[in-house]
Amino acid sequence: MIVTILQRDIKWADPKTNVERIAQAIDRNLGADLYVLPEMFSTGFCTSPEGIAEGIDNNTLQWMLRKSAQIDAAIAGSVAVTDGEHYFNRFYFVKPTGEIVWYDKKHLFTYGGEHQRFTAGSERVVVEWRGVRILLEVCYDLRFPIWSRNRGDYDMILYVASWPTPRVAAWSALLVARAIENQCYVAGVNRVGDDPACNYCGGSAIIDPYGKTIASCADNTECEASAEINMEELEAFRRKFPVLNDADII
């Protein structure tokens, strides 16, 4: 399976412009099985979602469905969503068949006040796509290894993020750690540019189960990077060096 990560600048609270620019980037990079976008890719990361969050049947999700069907590939990324009386940082995984799987961010970023207006999810979500089992995670979830512990139920983790420049060293180190300790592939997609609160430099990368970076984006620039998720190699590595069999029970 080929995965393409799209490291983007995001125009604040402007879904139409952001979606149009992402669609153009995908069209320039056709041929992948999965395209992964940053956290809140249609609006930028907002902790005050009033007037910014989109409804559950929103235009961004409808675009994901149409584009996925058009290119015969899955599209994944998080959107600020209002659902009933609650706001969620909702990570959508959309398949070309029209199937929608989503994960609501579990660990809300209390340092930035995300917890004050958003509701935390409680369900861990693994989606299967073209022979690969994929765990969905959002930004701050990266700092909590027990939540993402491999229980033998996934082969890859997706982390979509708006991870600020001052803490990007932690982002890069933890992506590698999650790949090594869970004996899996990891794709981490961060944004670049500025919002009203922070600067972002990217650091988007795809890491293999040995902790080696197999694809990455240049810092401080919009770009795309692709890599193959090789299940035969992953399964051979797990048979040869079966560390997951010795993991602590949680």
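This report describes charged contacts, ring pairs, a surface patch and some backbone features in a predicted model.

Side chains of opposite charge can pair when their charged atoms come close. In this model the count of salt bridges comes to 19. One of them joins the side chains of Asp27 and Lys67, with an N to O distance of 2.6 Å, and this pair links distant parts of the chain, since Asp27 belongs to helix H1 and Lys67 to helix H2 (residues 59-71), 40 residues apart. The two partners can also be described by their cover: Asp27 is partly exposed, with a relative accessible area of 38%, whereas Lys67, with a relative accessible area of 5%, is buried.

A salt bridge is also found between the side chains of Asp33 and Arg130, at 2.8 Å from N to O. Because Asp33 sits in the loop between H1 and strand E2 (34-36) and Arg130 in the loop between E7 and E8, this pair ties together parts that are 97 residues apart in sequence. Asp33 has a relative accessible area of 18% and is therefore buried, while Arg130, at 35% relative accessibility, counts as partly exposed.

Arg238 lies in helix H4 and Asp155 in the loop between E8 and E9, so the contact ties together parts of the chain that are 83 residues apart in sequence. Both of these residues, Arg238 and Asp155, are buried. Elsewhere, salt bridges that share partners join Arg8, Arg21, Glu222 and Glu224 into one network.

## A negative surface patch

Which residues form the negative surface patch? The patch is made up of Glu228, Glu232, Glu233 and Glu235, and helix H4 (residues 231-240) contributes the largest share, namely three residues. Glu232, which lies in helix H4, has a relative accessibility of 66% and therefore counts as exposed, the cut-off for that class being over 50%.

## Aromatic pairs

The count of aromatic pairs comes to nine. In the pair of Phe109 and Tyr140, the ring centres are 5.0 Å apart and the ring planes stand at 70°, so the arrangement is edge-to-face, a class that requires planes over 60 degrees apart. Phe109 is placed in the loop between strand E6 (100-104) and strand E7 (126-129), and Tyr140 in the loop between strand E8 (132-138) and strand E9 (156-161), so this pair ties together parts that are 31 residues apart in sequence. Phe109 and Tyr140 are each buried. Ring pairs also link Phe109 and Tyr140 with Tyr111 and Phe144 into a cluster.

The rings of Tyr210 and Phe237 have centres 4.0 Å apart and planes at 25°, so this pair is stacked, which applies to planes under 30 degrees apart. Distant parts of the chain are linked here too: Tyr210 is in the loop between strand E13 (205-207) and strand E14 (213-216), and Phe237 is in helix H4, 27 residues apart.

## Backbone features in the loops

Ala13 has a positive phi of about 55° although it is not a glycine, and this residue is located in the loop between strand E1 (2-7) and helix H1 (15-27). At 34% relative accessibility, Ala13 counts as partly exposed. Asp14 is found in the loop between E1 and H1, where its relative accessibility of 18% makes it count as buried, because that class covers values under 20%. From C-alpha to C-alpha, Asp14 and Met1 are 32 Å apart in space, with a separation of 13 residues in sequence.

A positive phi is also present at Asn220, about 60°, although this residue is not a glycine.

How values were computed. Residues numbered from 1 in each chain as written. Predicted model: local features only at pLDDT ≥ 70, side-chain atom pairs only at ≥ 80, totals over all residues. Heavy atoms only, no water. Patch = residues over 30% accessible without salt bridge, like charges linked within 9 Å, V, L, I, M, F, W, Y side chains within 5 Å. Areas by Shrake-Rupley, 256 points an atom, 1.4 Å probe, with all protein chains shown as cover. Salt bridge = Lys/Arg side-chain N within 4 Å of Asp/Glu carboxyl O. Lys, Arg positive; Asp, Glu negative; His and termini not counted. Charge placed at Lys NZ, Arg CZ, Asp CG, Glu CD. Helix = DSSP H or I, 4+ residues; strand = E, 2+ residues; numbered from the N terminus. Buried < 20%, exposed > 50% of the residue type's maximum accessible area, 1.4 Å probe, protein only. Phe/Tyr/Trp six-rings, centres within 6.5 Å; stacked < 30°, edge-to-face > 60°.
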